[in-house]
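Here are my notes on the model you asked me to look through. They go point by point and keep to geometry and contacts.

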Amino acid sequence: MKQKPFYPSKISPPSLSAVFPRERLYRLFDPLGNRRAIWVIGPPGAGKTTLVSGYLESRKVDGIWYQVDGGDADPASFFYYLGLAAKQAAPRIRRPLPLLTPEHLPGVVVFSQRYFEALSARFSRPFVLVFDNYQEVSVDAPLHEALREGLKRIPERGRAIVVSRALPPSCFASLQANGEMAVIGWEELRFTEPETRGMIALRESRTISAGEVRSLKEKTDGWAAGIVMMWEWAKAKKSELKELPGNLSESVFDYFAGEIFDKLDPNVQGALLQTALLSRMTARMAEKLTGSRMIESILAEWSRSHFFVDERAGEGRVYEYHALFREFLLARGKNRLSPGTLNQIQHRAATILEGTGRLEDAVDLYQEAGDWSAVERVVLREAPTFIAQGRNQTLEGWIGRLPKAITDANPWLLYWSGVCRLPFNTRDSQARLKEAFRIFDEKGDALGLFLAWSKIVEAIGHELSDIKRLDEWIPRLEALRREYPTYPSVQIERQVASQMFMALALRQP
């Protein structure tokens with residue numbers, strides 16, 4: 001039985017505990033004039049995500065939290081998961097939001113406008129749409145323009161908050177010029193001395209001196225992650241803050257390695273290196289990957305203290321490492337583990353991710369491990385679902401990662417590659433489908449032959465520039481029917497019949 005997807009963590013906000021309320025910045029998020037969006041930009045560890053989640057909790061406002069990743073470069077995937085988030089936010093509304101299927105792609109901007117109108121209508125009270133980690137979307141992704149137009153359709157009672165390490169793409173300039181989007185940058189995000197005192201007071205029972213607060217602020221330049229690390233280092237070393245380097249951001253990895261990681265139990269070190277391969281995990285996933293029962297207590301303890309680990313809602317407790325710490329662990333793992341050992345861990349992690357429905361992450365790790373048979377298996381199993389959801393670009397990207405020798409030898413990979421290309425490049429699509437048809441014919445695969453035939457005819461009909469090519473494929477079906485008089489299924493028969501009807505109407509009316 002197929003397991004329930006794990007993705008609620010992608011569309012759930014971080015869990016909050018002991019967060020210092022930054023009212024100075026909260027006021028910047030409150031509604032103002034015709035402003036529809038706020039872009040929060042700052043370096044890793046600047047406290048962007050905690051700031052926004054704290055604001056939502058402070059104002060008790062409805063909304064959606066969407067964690068962006070590389071897979072959202074495919075707009076169809078973005079709208080698919082945003083639809084899941086909308087269903088979670090307003091479960092009483094049963095009618096789902098539309099999917100971005102290929103017929104909508106030429107008008108994706110209009111689709112986005114209508115989509116955000118329908119999404120906004122699901123909220124009767126003021127609401128906020130949060131798009132976290134937006135820097136994960138490639139610069140040239142079509143999502144940027146689609147999102148820009150969608151943000152314009154958010155009504156006055158709503159607004160969007162985009163959290164990123166990067167400046168807004170150039171296509172958002174018009175929103176800034178019209179006052180529809182404000183930018184909150186590093187200058188505003190830096191912790192002031194009062195805020196520094198307040199954050200440390202949540203972690204420390206003793207009174208903090210003005211000198212300690214001033215030293216923390218000066219040495220970290222108000223960098224949230226640096227404040228926490230410096231304070232924890234000083235406590236562990238029982239040292240004065242003045243002993244730490246003046247620019248902690250430049251020595252942060254040395255700090256991680258020398259003062260935290262290298263002093264842990266070797267078994268704990270190994271567990272951390274392995275779990276870094278999981279961008280988000282439950283304690284059960286971490287234990288299954290590592291075989292360590294200690295990892296759960298470490299994740300829970302560090303999450304409570306906001307020390308390198310964040311917790312998100314979802315199916316149970318879902319943990320994720322702070323970006324800088326995960327980058328450190330991944331780099332350390334590549335240096336410390338042999339290629340063979342690393343591949344084995346990557347494969348185990350990918351299998352766990354696949355089992356929980358995190359297919360995009362699983363395919364990434366299978367590829368890194370060089371397990372092409374696993375990538376091939378996932379592609380062939382998920383292809384019908386992804387095509388039905390309009391996620392052609394994601395599926396085609398998976399197939400494109402496979403070595404050409406593997407793709408050329410498997411007619412089903414050629415078939416699904418041709419189906420992915422059909423809405424965008426009919427000539428290229430036909431070439432792949434024809435090669436699939438040829439190999440299906442050699443193998444005597446009736447199902448593949450009927451499907452490939454119908455898609456080839458569909459591709460020719462889409463183009464309409466040279467419908468004479470249908471003359472070759474009309475008799476091909478007659479030959480197939482003689483060789484395979486029984487269709488593989490009623491659904492296949494209907495699909496073939498509809499394409500044959502179209503071919504005859506165009507060429508033999």
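**Notes on the sheet and its surroundings**

1. V40 stands opposite I184 in β5. This residue pair belongs to the parallel pairing of strand β1 (residues 37–41) with β5, which runs over 4 bridges, where two strands count as paired if DSSP finds at least two bridges between them. Helices (H or I, at least four residues) and strands (E, at least two) are DSSP runs, numbered from the N terminus.

2. On the basis of these values: the model is predicted, so local features need pLDDT of at least 70 and side-chain atom pairs count only at pLDDT 80 or more, while totals for chains, interfaces and linings use all residues. Residues are numbered from 1 along each chain as its sequence is written, and side-chain values use heavy atoms, with hydrogens and water left out.

3. The open sheet has 5 strands in the order β2-β3-β4-β1-β5, with parallel pairing. Because β2 (62–67) and β5 (181–184) stand at the edges with a single partner strand each, one side of each lacks a neighbour in the sheet. Neighbouring strands are turned by 15° against each other on average, direction ignored; axes are lines fitted to C-alpha atoms, for helices over the stretch in contact, and angles run from 0 to 180 degrees between N-to-C directions.

4. Helix α3 (residues 75–89) lies across β2 and β3, running at about 145° to β2; contact here and below means heavy atoms within 4.5 Å.

5. R190 lies in the loop between α7 (186–189) and α8 (193–201), and R190 is buried, with a relative accessible area of 16% (buried means under 20% relative accessible area, exposed over 50%, partly exposed in between, with a 1.4 Å probe and protein chains only). Leaving aside neighbours within four places in sequence, R190 is in contact with R22, R24, E195, D221 and G222.

6. α8 packs against helix α9 (residues 210–220) at an angle of about 110°, with the axes 9 Å apart. That makes the two helices roughly perpendicular (65 to 115 degrees; under 35 counts as roughly parallel, over 145 as roughly antiparallel, and the rest as oblique). From α8, the residues E193, T196, R197 and I200 meet A210, V213, R214, L216 and K217 in α9.

7. Strand β6 (residues 309–312) is covered on both faces, with V309 and E311 buried on one side and D310 and R312 buried on the other. β6 is joined by 4 bridges to strand β7 (residues 318–321), and the two run antiparallel; V309 stands opposite Y321 in β7.
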